[in-house]
Amino acid sequence: MSNTEFELGGVCHLAVVCEDMERTVDFYTNTLGMKLAKTVAIPGGQHFFFDMGGGQYIAFFWFQDAPPRSPGIASPADVPGIGRDIATAHGSMNHVSFKVPAEKIEEYKAKLEAKGVRTGPILNHDDSERGISPEVNEGTYVRSVYFFDPDGILLEFAAWTRELRPDDVAHLPFDKFGVPAQADQGSTR
C-alpha cells in the first residue's frame, strides 16, 4: 500500500553529529567508499553530506561545542550479535542501515574486517522466538552485519531476503508502559 497522505520518495538524508569531521570524511570516503557530495560551513560548525546511493545521503554536523558521546544512552553500547544491550534513549537514532545485495553480505563483512573495522556476526533476522537464527530459513526476512563508525554510530549492512507480506505485521504496538494497544484503536500502517 502506498502513502496516500504524502508523496515520499524514501530517505533524503539522515543527519548525525560527529566529533572530528576529518576522521568522519576519511571513514565514509576511504573505508565505506562513499562520495563526499556537499560541504556547508555553518556558524560554529560544519555540515557535510555523503552520497549513500539511490539519491539518498547521510549527513554529519560538527559543532564546536557539542557535548561528548554517550554510549548506552544516545547510541548502542555494543554491536548486535556481540553485546546484549542495544537499547538507546528516547529520541536517539539507534543505527543507520545501508541496503546491500544479498549475495555480497559475507564479502562485505570480510572487506570491513580487512580494513580494520570490528564487525559483529552475520545475523539472519527471522520470525523465530529469538528473532535471529544461525541459518537462513523460510522466516528469514533480512540478513545483516553491524559495525561502528569512528564516532560510535552503529551502522548496518542489510540485505532483504524476501518481500514483506501482510502477515509480517502481527504485533500490536506497546504504550510507554509496555502495555499492548487495543486492537480496535486503529490500524498500524
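A pocket, as used here, is an open set of grid points where a 1.4 Å probe fits, with protein on both sides within 12 Å along at least five of seven lines. The model is predicted. Its largest pocket holds about 700 Å³ of space.

Start with that pocket. Its lining comprises 27 residues. Nearest its centre lie S97, F98, K99, V100 and E156. Two or more lining residues come from each of β3, β5, α2, β8 and β9. β9 gives the most, with five residues. By residue class, the lining of the largest pocket splits into 16 nonpolar, six polar and five charged.

Now turn to the second largest pocket. Its volume is about 600 Å³. Here 24 residues form the lining, and V17, P67, P68, R69 and D151 sit nearest the centre. The elements that supply two or more of these residues are β1 (13-17) and β4. β1 gives the most, with three. The lining of this second pocket divides into 14 nonpolar, seven polar and three charged residues.

Next, the packing. In soluble globular proteins, nonpolar side chains tend to be buried together. In this model, the largest nonpolar core has 24 residues. Y28, L32, F60, L155 and F157 have the most contacts inside it. At least two core residues come from each of α1 (21-31), β3 (45-53), β4 (56-63), β5 (96-99), α2 (105-114), β8 (142-148) and β9 (154-160). The largest share, four residues, belongs to α1. A second core stands separate, with five residues. V79, L123, Y146 and F148 are among them.

Leaving aside residues up to four places away in sequence, F60 touches V16, C18, M21, T24, Y28, Q46, H47, F48, F50, D149 and I153.

How is α1 placed? An α-helix has 3.6 residues a turn, so residues three or four places apart point the same way.

At the start, a side-chain oxygen of D20 comes to within 3.1 Å of the backbone nitrogen of E22. Just after the helix, G33 adopts a positive phi of about 75°.

Notes:
Residues numbered from 1 in each chain as written. Predicted model: local features only at pLDDT ≥ 70, side-chain atom pairs only at ≥ 80, totals over all residues. Heavy atoms only, no water. Core = buried A, V, L, I, M, F, W, Y, C linked by side-chain atoms within 4.5 Å. Buried < 20%, exposed > 50% of the residue type's maximum accessible area, 1.4 Å probe, protein only. Contact = heavy atoms within 4.5 Å. Polar contact = N/O pair within 3.5 Å; in protein donor to acceptor, adjacent residues only side chain to side chain. 1 Å grid on protein atoms, 1.4 Å probe; cavity = no way out; pocket = protein on both sides within 12 Å on 5 of 7 lines; lining within 4 Å. Points joined across faces, edges and corners; volume = space filled by probe spheres on them. Nonpolar A, V, L, I, M, F, W, Y, C, P; charged D, E, K, R; others polar.
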